[in-house]
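Work through each task before reading its solution.

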Amino acid sequence: MTSQVLQEAPVAYPPFTAEHDLIRQTVKRFCQEEIAPFAQEWDEAGIFPREIFRKAADLGLFGIRIPTELGGSGLDWWATAAAMESMAWADSPGVGMGLMVQAELTIPIINELGTAEQKDAFMRPAMAGDWIGALGISEPWGGSDVAAIRTTARSEGDELVISGQKLWITNGSRADFIVLAVRTDGGGHRGISLVLFPMRTPGYSVGKKLKKVGNLCSDTAELFFDECRIPASYILGEKNRGFYYIMHNFQGERLASAIMTAACLERCLDYAVRYGKERSAFGNPVGSYQVWRHKFAEHCTNLEAARWLTYRALDLMNRGQKAVREITMAKLFTSELAQRLTYDCMQIFGGFGYTTEYPVSRFWRDLRLYTIGAGTSEIMKEILAKEDGL
Ligand SMILES: Cc1cc2nc3c(=O)[nH]c(=O)nc-3n(C[C@H](O)[C@H](O)[C@H](O)COP(=O)(O)OP(=O)(O)OC[C@H]3O[C@@H](n4cnc5c(N)ncnc54)[C@H](O)[C@@H]3O)c2cc1C
């Protein structure tokens with residue numbers, strides 16, 4: 001007798017469907033037509049146009065997992081992966097990062113914790129691409145050490161009065177609102193809350209836009225808050241539970257960053273393999289020399305491992321299961337692989353690799369960030385050591 005399990009139709013894995021293919025085609029076309037041709041120009045300008053947020057919104061990129069009754073598509077993490085993987089066609093991780101902050105770091109946390117009023121006031125305009133969102137956790141004295149933040153919010157009647165400073169804020173120079181981590185009580189991780197902060201609030205100012213090594217078209221700013229008054233009703237979730245929410249939200253950010261990094265690596269490797277076939281030296285295509293074929297075979301293997309590790313993490317997250325260990329591993333593995341893989345891809349381009357003529361140098365510069373941003377590799381290893389009781 002055949003068992004029940006054997007009778008079930010085998011489930012394709014990863015479970016991408018024709019609907020996901022459609023998402024891929026749409027996002028790929030958007031990237032190829034609206035972003036990639038301008039990537040270099042926007043890097044030089046130090047910012048990409050605001051209207052890209054609107055165009056991304058029109059494609060539904062800011063509401064993939066948001067319920068349909070709130071104007072989203074009501075899909076799951078696999079749909080998010082299909083969209084994010086296709087963003088690699090933009091050849092611009094900087095644009096990807098700006099959009100990712102909006103899609104994965106601000107909108108989902110409002111959807112999860114926000115009241116109906118907060119969703120109306122902040123999430124709807126963000127999903128429509130009318131408002132640009134940012135996430136403000138890091139400060140000059142606390143990036144890895146989130147519990148060290150000093151920006152305060154004191155209660156006065158039905159208002160919160162916010163003073164302090166944030167650093168490294170993506171989308172910061174032109175954001176319309178920020179999901180802001182503030183200290184509402186005592187020291188340590190227990191006295192932190194999240195608030196929704198509209199940038200039009202008096203007392204708020206943008207300091208300098210930071211000059212960076214990569215992700216040049218993505219603005220990164222320092223922000224100042226001087227006795228800024230916002231309604232107390234803008235606290236997101238429960239007061240003093242912010243640290244817990246941040247740690248939870250980091251999971252989505254790190255998973256998204258692993259998905260995006262792996263897809264960009266595939267694109268970068270593809271450029272390098274193609275160049276190796278076209279460029280000749282000493283009478284042979286450069287890529288036909290065994291040293292390159294072996295290097296690329298190794299990178300293909302690592303990339304395959306990166307993708308499966310990421311899909312495993314995604315699957316757990318998608319099913320609402322604990323995924324801290326797998327997400328942390330995926331973030332660590334993809335970001336560390338990026339350093340070796342983009343180095344070799346740049347190397348096979350010879351002198352051209354060191355110019356901005358080809359996207360490989362942009363991948364090399366931009367993906368350098370990922371052992372630092374969204375939690376450093378050292379912090380990923382700390383988490384893993386704790387998770388595995390090492
Ligand atoms: C381009 C860019 C965009 C960013 N965007 C945002 C954003 O939108 N919002 C936001 O809030 N933040 C943002 N960040 C900040 C980013 O999250 C932090 O830079 C990162 O968390 C590291 O913090 P830090 O820079 O303060 O370094 P630190 O925490 O000072 O770390 C310095 C070094 O010490 C190491 N270290 C720290 N603790 C330990 C330990 N326990 N054991 C061993 N080594 C340790 C770190 O790994 C690192 O190598 C961004 C950063 C960059 C560069």
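**Exercise 1.** Find how the axes of helix α2 (residues 18–35) and helix α4 (residues 51–58) are placed, and classify the pair.

Solution. The model is a predicted one.
- Step 1: the two axes come within 11 Å and cross at roughly 160 degrees.
- Step 2: angles over 145 degrees count as roughly antiparallel.
- Step 3: α2 and α4 are therefore roughly antiparallel to each other.
- Step 4: the crossing in which α2 passes α4 is right-handed.

**Exercise 2.** Determine the packing angle of α4 with helix α6 (residues 93–113), and assign the pair to a class.

Solution. 
- Step 1: α4 and α6 pack at an angle of about 60 degrees, and their axes are 11 Å apart.
- Step 2: angles under 35 degrees count as roughly parallel, over 145 as roughly antiparallel and 65 to 115 as roughly perpendicular, while the rest are oblique.
- Step 3: α4 and α6 are therefore oblique to each other.
- Step 4: α4 passes α6 in a crossing that is right-handed.

**Exercise 3.** Which residues come nearest to the ligand, and which of their polar side-chain atoms lie at what distance from ligand atoms?

Solution. 
- Step 1: 15 residues are around the ligand, and S138, S144, W168, T376 and E378 come nearest.
- Step 2: in the side chain of S138, an N or O atom is 2.7 Å from a nitrogen atom of the ligand.
- Step 3: S144 has a polar side-chain atom 2.6 Å from an oxygen atom of the ligand.
- Step 4: for E378, the distance from a polar side-chain atom to an oxygen atom of the ligand is 2.7 Å.
- Step 5: the ligand taken alone exposes 970 Å², of which the protein buries 64%.

**Exercise 4.** Which element gives the most to the shell around the ligand, and how do the residues of the shell divide by type?

Solution. 
- Step 1: β1 (133–136), β3 (159–170) and α13 (377–387) each supply at least two residues of the shell.
- Step 2: β3 gives the most, with three residues.
- Step 3: the shell residues divide into seven nonpolar, six polar and two charged.

How values were computed. Residues are numbered from 1 along each chain as its sequence is written. This is a predicted model: local features need pLDDT of at least 70, side-chain atom pairs count only at pLDDT 80 or more; totals for chains, interfaces and linings use all residues. Side-chain values use heavy atoms; hydrogens and water are left out. A residue is near a molecule or strand if one of its heavy atoms lies within 4 Å of it. A polar contact is a pair of N or O atoms within 3.5 Å; within protein, one must be able to donate a hydrogen and the other to accept it, and residues adjacent in sequence count only if both atoms are side-chain atoms. Accessible areas come from the Shrake-Rupley method with a 1.4 Å probe; for residues, only the protein chains shown count as cover. Helices (H or I, at least four residues) and strands (E, at least two) are DSSP runs, numbered from the N terminus. Ala, Val, Leu, Ile, Met, Phe, Trp, Tyr, Cys and Pro count as nonpolar, Asp, Glu, Lys and Arg as charged, and the others, Gly among them, as polar. Axes are lines fitted to C-alpha atoms, for helices over the stretch in contact, and angles run from 0 to 180 degrees between N-to-C directions. A crossing is left-handed if the near helix is turned anticlockwise from the far one by less than a right angle, and right-handed if clockwise.
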